[in-house]
Amino acid sequence: MARKRRAAVSLNSPQRKAVEYGMLALGSLVLAASFNLFLNPNQLASGGVSGLSTICYHLFGFPPSVVQWAFNIPLFLLGLWLLDRQYSVKAAVGSLILPLFVALTSHLPPLTDNPLLAAIYGGMGVGLGIGIVFRGRGSTGGFSIASQILHKYTGISLGASVAVFDGLVILLAGVVFHPEKALYALLALFVTSKTIDIVQMGWNTSKVAYIISEQTERLREAILFDLDRGLTLLDGVGGYTGDERKVLMAVVSQSEVSKLKMLVRSVDPDAFIILCPAQEVLGEGFRPA
């Protein structure tokens, strides 16, 4: 039996913690720079406390970093009380460090005054920053805490709770600035969510193949040795016949899909193949876990 590999660095080791805090700082810096380069100068309040700080800045002249501190710190303390659990130190650090980076990058000149470009590139930058923070198992605080409180005490799903707060900020921006600004902010929020997914899971193009065939053993050997891919045998029962049979499950890259289909057809032309997108594949032969 192959010996299981140990993780190079323990999840709780000092080295890993240092990397995670580094990612928290880097992600916060990218997020703050994107806020000052694209979103805030173009009055794009794409949700969250940062969006609220944009509204306060353009309405009253309050520095965005001060507004963010003014909301992040009480929300963090409220979360400690109402959520009945101890927040990690990284959540507290994130609540403090993001506004700090917003203040330090506030002198950066905007890269564009085109709201469409600002929404796209600002959304990408914010998504990249948040994705890096999430990869480091961190948090920037803000309305994510308020969303968890709403979720706990109302039963509304967490995704819907996040949408409530982001939606209220964007709606307020549409009233304060212009409805068109709210539409651009929605676009920025969409781009942000997609960018976070890419940073979290990468440009994954793998497929999961489920194969039902009378030639299970021949197909198993073909996939293992001709395609050089591992597989798993699942127990299945025919819905019509009630017969027990094995279902082969294999994960292949996009470039191997055609080869797999040809291989299966050459062994059993009557085989039933189901191909599904794999959200993320970690392990030997793919991305390391």
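**Figure 1. Val 251 is a partly exposed residue of the predicted model.** The relative accessible area of Val 251 is 21%. Because buried means under 20% and exposed means over 50%, a value in between is called partly exposed. Val 251 sits in strand E3, which covers residues 244-252. Val 208 is 43 residues away from Val 251 along the chain, yet the C-alpha atoms of the two are separated by 4.5 Å.

**Figure 2. Four strands form an open sheet in the order E2-E3-E1-E4.** The pairing in this sheet is antiparallel. Strand E2 (232-237) and strand E4 (272-277) are the edge strands, and each of them pairs on one side only. Direction ignored, neighbouring strands of the sheet are turned by 25 degrees against each other on average.

**Figure 3. Strand E1 pairs with E4 over six bridges.** Strand E1 consists of residues 207-212, and its pairing with E4 is in the antiparallel sense. For Val 208, the bridge partner in E4 is Cys 276. Two helices pack on the sheet. One of them is helix H9 (residues 216-226), which touches E1, E2 and E3. The direction of H9 makes about 15 degrees with that of E3. Another is helix H10 (residues 257-267), which touches E1, E3 and E4. The direction of H10 makes about 165 degrees with that of E4.

**Figure 4. Two cysteines are shown, in a structure with zero disulfides.** Are Cys 56 and Cys 276 buried, or partly exposed? Cys 56 has a relative accessibility of 16% and counts as buried. Cys 276 has a relative accessibility of 27% and counts as partly exposed.

**Figure 5. Asn 42 lies in the loop between helix H1 and helix H2.** Helix H1 covers residues 14-39 and helix H2 covers residues 48-60. The relative accessibility of Asn 42 is 6%, so this residue counts as buried. What does Asn 42 contact, leaving aside its neighbours within four places in sequence? Its contacts are Thr 112, Asp 113, Asn 114, Pro 115, Ala 118 and Lys 181. For Thr 112 there is also a distance: a polar atom of the Asn 42 side chain lies 3.1 Å from the backbone oxygen of Thr 112.

**Figure 6. Gln 43 and Asp 228 each have a positive phi of about 60 degrees.** Gln 43 is in the loop between H1 and H2. Its relative accessibility is 24%, so Gln 43 counts as partly exposed. Asp 228 is in the loop between H9 and E2. Its relative accessibility is 62%, so Asp 228 counts as exposed.

**Figure 7. Leu 111 lies in the loop between helix H4 and helix H5.** Helix H4 runs over residues 89-104 and helix H5 over residues 115-135. At 59% relative accessibility, Leu 111 is exposed. Apart from its neighbours within four places in sequence, Leu 111 contacts Leu 37 and Phe 38. Ser 34 is 77 residues from Leu 111 along the chain, and the C-alpha atoms of these two residues are separated by 9.8 Å.

**Figure 8. Two stretches carry the UniProt annotation "transmembrane region", residues 89-109 and 115-134.** The annotation comes from an unreviewed entry, and it also covers residues 21-39, 59-82 and 155-177. Over residues 89-109, the chain is 76% helix and 0% strand. The end C-alpha atoms of this stretch are 33 Å apart. Over residues 115-134, the chain is 100% helix and 0% strand. Here the end C-alpha atoms are 27 Å apart.

Figure 9. The chain has 10 helices and four strands. Along the sequence they follow the pattern α-α-α-α-α-α-α-α-β-α-β-β-α-β. Of the 289 residues in the chain, 40% are buried. Among contacts with a separation of 6 or more, 72% are between residues 24 or more positions apart.

Note on methods. Residues numbered from 1 in each chain as written. Predicted model: local features only at pLDDT ≥ 70, side-chain atom pairs only at ≥ 80, totals over all residues. Heavy atoms only, no water. Buried < 20%, exposed > 50% of the residue type's maximum accessible area, 1.4 Å probe, protein only. Polar contact = N/O pair within 3.5 Å; in protein donor to acceptor, adjacent residues only side chain to side chain. Contact = heavy atoms within 4.5 Å. Pairing = 2+ DSSP bridges. Axes fitted to C-alpha atoms, helices over the stretch in contact; angles between N-to-C directions. Disulfide = S-S within 2.5 Å. UniProt positions renumbered as here; feature names shortened; annotations may be inferred.
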